[in-house]
Amino acid sequence: MPRPGCSPFFTGKVEAVSEIEIGRGKRARMTYTLDDVAIVPTRRTRDVREVSTAWQLDAYHLDIPVLSAPMDSVASPDMMIRLGQAGGLGVADLEGLWTRYEDPTPLYEEIAALPAESATARLQQIYAERHIDTGLVRYRVAQLRAAGITVAGACSPGHAKEIVPLAADAGLDLLVIRGTTVSAEHVSTTREPLNLRGLIYDLDIPVLVGGAVTYQSALHLMRTGAAGVLAGYGGGAASATLRTVGIAAPMATTIADIAAARRDYLDESGGRYVHVIADGSVGSSGDLIKALACGADGVMLGTILARASEAPGRGWHWGPEARHPRLPRGERVYVGTAGTLEEILVGPTSSARGHTNIMGALRHAMAANGYSDCKEFQRAQLVVTRR
């Protein structure tokens with residue numbers, strides 16, 4: 001519960017930091033997950049037919065604030081094309097199965113049938129057996145471009161120098177540099193770290209960078225010239241980062257902190273707006289709605305989209321963290337099937353679980369609060385519901 005004398009309303013500002021003593025030698029900051037907060041309508045309502053979910057991501061107009069997570073359980077070419085045609089943005093995993101194997105369909109069937117005790121070890125083997133094929137990187141980008149959608153691709157900082165020039169030359173529209181924790185100040189005495197500022201400066205396409213989980217780390221990434229920052233480190237249901245390395249990103253606080261960095265950088269840069277994309281712990285329409293209310297411009301979805309009948313994972317979900325050759329920080333999890341991609345995005349639905357018609361839920365929440373678009377909805381009032 002909020003401290004005595006404090007307002008229960010969560011303002012999204014980082015200036016007032018609440019700390020508690022967890023022992024005589026250590027204090028910890030009070031933070032909030034998306035489950036800890038809720039939206040409270042405090043103003044006029046609006047006709048749901050007059051609400052828009054459209055937004056602008058750099059030069060690209062999108063009808064819905066949804067990006068697919070670059071996870072092989074979601075990011076097949078077919079899924080990305082379908083999402084792009086539905087008004088969202090599919091993000092290809094440029095280090096995944098589709099750039100290692102010409103036809104990974106049999107591997108998806110094998111992964112779905114693996115017993116739990118051997119799933120992670122086999123995932124490691126599958127990804128280790130084939131290196132990234134530069135020819136397939138070019139082919140996948142060209143394949144998506146031929147479908148007439150905005151083409152986005154993701155890679156880790158460690159492979160950016162190798163992959164990015166190939167993908168950009170093939171016609172990539174937007175690049176995502178994504179890792180568990182991406183820093184503008186990576187220190188290494190054994191290898192040359194990625195120069196984010198130099199990479200972004202040399203490219204003619206916008207770059208989204210993350211994960212960032214603090215105000216300061218996000219501000220540093222914004223200063224590299226990034227067009228957007230991923231708030232959080234992805235994973236969601238498939239992540240084991242807290243269990244393996246003790247790191248977590250309570251998403252309500254993370255998004256609000258990084259939205260504050262966006263506001264301050266807007267002043268610092270003389271008007272340059274950097275998009276904030278919530279990445280992780282968004283498993284239902286309610287989570288998506290609260291992420292936008294905390295200050296996100298868009299949301300990167302993994303688990304929700306992995307539940308589509310068209311998803312290549314066949315109801316199973318895993319991310320890049322599960323295939324790490326030495327320290328997996330994720331695992332294959334079963335999320336089931338909730339409906340077609342169309343039913344998940346825009347319905348219709350007969351379920352109240354928050355797994356389908358997520359855009360209908362967003363439009364309803366915006367209308368109930370009187371906001372006409374997603375940018376206005378960032379001003380919605382939040383309360384802390386549990387602590």
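Reader: Let's start with Asn-357: is it buried, exposed or partly exposed?
Author: This is a predicted model, and in it Asn-357 has a relative accessible area of 21%. Buried means under 20% and exposed means over 50%. So 21% puts Asn-357 in the class in between: partly exposed.

Reader: Where does Asn-357 sit, and what is its phi?
Author: Asn-357 belongs to the loop between helix 12 and helix 13. It isn't a glycine, yet its phi is positive. The value is about 50 degrees.

Reader: Which peptide bond in the model is cis and involves Pro-348?
Author: Pro-348 is also found in the loop between helix 12 and helix 13. The cis bond there has an omega of about 5 degrees. The residues it joins are Gly-347 and Pro-348.

Reader: And His-355, buried or exposed?
Author: His-355 is in the loop between helix 12 (341-346) and helix 13 (358-369). Its relative accessible area is 15%, and the cut-off for buried is under 20%. So His-355 counts as buried.

Reader: With which side chain does the side chain of His-355 make a polar contact?
Author: Leaving out residues up to four places away in sequence, His-355 touches Gly-283, Arg-307, Ala-338 and Ile-344. One of these also gives a polar contact, side chain to side chain, at 3.5 Å. That partner is Arg-307.

Reader: Over to Asp-58: what is its relative accessible area?
Author: Asp-58 lies in the loop between strand 5 (55-57) and strand 6 (60-62). It's another non-glycine with a positive phi, about 55 degrees here. Asp-58 is partly exposed, and its relative accessible area is 39%.

Reader: Which residues of helix 2 are buried, and why do they end up on the same side?
Author: Helix 2 covers residues 105-113, and its buried residues include Leu-107, Tyr-108 and Ile-111. They span an arc of only 100 degrees around the axis, so they share one side of helix 2. Part of what covers the buried residues of helix 2 is helix 3 (119-129). The names you want, then, are Leu-107, Tyr-108 and Ile-111.

Reader: How many aromatic pairs does the structure hold, and what is the geometry of Tyr-108 with Trp-318?
Author: The structure holds four aromatic pairs. One of them is Tyr-108 with Trp-318, whose ring centres are 6.0 Å apart. The planes make an angle of 45 degrees, and the pair is classed as tilted.

Reader: What parts does that pair tie together, and how many residues apart are they?
Author: Tyr-108 lies in helix 2, while Trp-318 is in the loop between strand 15 (316-317) and strand 16 (333-334). Both Tyr-108 and Trp-318 are buried. Ring pairs also bring in Trp-98, making a cluster with Tyr-108 and Trp-318. Because of where its two members lie, the Tyr-108 and Trp-318 pair ties together parts whose separation in sequence is 210 residues.

Reader: How many residues of strand 10 are buried?
Author: Strand 10 runs over residues 174-178 and is largely enclosed by the rest of the structure. Leu-174, Val-176 and Arg-178 point one way, Leu-175 and Ile-177 the other way, and all are buried.

Reader: Which strands pair with strand 10 in the parallel sense?
Author: Strand 9 (residues 152-155) pairs with strand 10 over four bridges, with Gly-153 bridging to Leu-175. The chain gets from strand 9 to strand 10 through helix 5 (residues 160-169), in a right-handed β-α-β crossover. Strand 11 (residues 207-212) also pairs with strand 10 over four bridges, with Val-176 bridging to Leu-208.

Reader: Which residue does a cis peptide bond join to Gly-211?
Author: Gly-211 is in strand 11. The cis bond has an omega of about 10 degrees. The residue joined to Gly-211 is Gly-210.

Reader: What is the C-alpha separation of Gly-302 and Val-74?
Author: Gly-302 is in the loop between strand 14 (298-301) and helix 11 (303-306), and it counts as buried at 9% relative accessibility. The residues it touches include Ala-69, Met-71 and Val-74. Gly-302 and Val-74 are 228 residues apart along the chain, and their C-alpha atoms are separated by 6.7 Å.

Key
Residues are numbered from 1 along each chain as its sequence is written. This is a predicted model: local features need pLDDT of at least 70, side-chain atom pairs count only at pLDDT 80 or more; totals for chains, interfaces and linings use all residues. Side-chain values use heavy atoms; hydrogens and water are left out. Buried means under 20% relative accessible area, exposed over 50%, partly exposed in between (1.4 Å probe, protein chains only). The arc is that of the directions from the helix axis to the C-beta atoms. Contact means heavy atoms within 4.5 Å. Two strands pair if DSSP finds at least two bridges between them. A crossover is right-handed if, with the strands pointing away from the viewer, the path from the first strand over the helix to the second runs clockwise. A polar contact is a pair of N or O atoms within 3.5 Å; within protein, one must be able to donate a hydrogen and the other to accept it, and residues adjacent in sequence count only if both atoms are side-chain atoms. Rings of Phe, Tyr and Trp (its six-membered ring) pair if their centres lie within 6.5 Å; planes under 30 degrees apart count as stacked, over 60 as edge-to-face and the rest as tilted.
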